[in-house]
Amino acid sequence: MKAVILAGPTKTASTHEEMFLAGRAAYLRARNWTWPSSPATFPLPAGYNDFDLIPQALKGRRFDDRHNMTAPSLLAWYAAEFLRVERSGNHLLFGTEHLMTLSSPPGSADFAENAAALAG
């Protein structure tokens, strides 16, 4: 499986990219690419901003989540979703400009452990 993760910083049209791609999930799927689901949309494709909590979860931060999930359970949910995409034979495409927040100390043990959990 190939994976393309859009991590565009703010003010670079990344939100427009995400809206464009999320709105064309059926087109992408017909070409063996998947814009994955989120806990809020499963089994349908996620909205353009549904991945915004992943970076917070990777950093081990607590958050008030609209899905009533803890950071570890959110990461486990996405790990299972990404595995589902892989098993379907499709490639993965998603993004959030909030990924740019991961540029701060990725060497921490929490970051490494959580990133490994997301990778499955």
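Aromatic pairs in this predicted model number 7, where rings of Phe, Tyr and Trp (its six-membered ring) pair if their centres lie within 6.5 Å, and planes under 30 degrees apart count as stacked, over 60 as edge-to-face and the rest as tilted. Trp 77 and Tyr 78 form an edge-to-face pair, with 5.2 Å centre to centre and 85 degrees between the planes. One aromatic cluster is formed by Trp 35, Phe 42, Phe 51, Trp 77, Tyr 78, Phe 82 and Phe 94.

The model is predicted, so local features need pLDDT of at least 70 and side-chain atom pairs count only at pLDDT 80 or more, whereas totals for chains, interfaces and linings use all residues. Residues are numbered from 1 along each chain as its sequence is written, and side-chain values use heavy atoms, with hydrogens and water left out.

The table lists relative accessible areas, for which buried means under 20%, exposed over 50% and partly exposed in between (1.4 Å probe, protein chains only).

| Residue | Relative accessible area | Class |
|---|---|---|
| Asp 50 | 13% | buried |
| Trp 77 | 23% | partly exposed |
| Tyr 78 | 1% | buried |

Leaving aside neighbours within four places in sequence, Phe 94 is in contact (heavy atoms within 4.5 Å) with Val 4, Ile 5, Leu 6, Trp 35, Pro 36, Phe 51, Ile 54 and Phe 82.

The side chain of Asp 50 makes a polar contact with the side chain of Ser 38 at 3.2 Å, and also reaches the backbone nitrogen of Gly 47 at 2.7 Å; a polar contact is a pair of N or O atoms within 3.5 Å, and within protein one must be able to donate a hydrogen and the other to accept it, while residues adjacent in sequence count only if both atoms are side-chain atoms.
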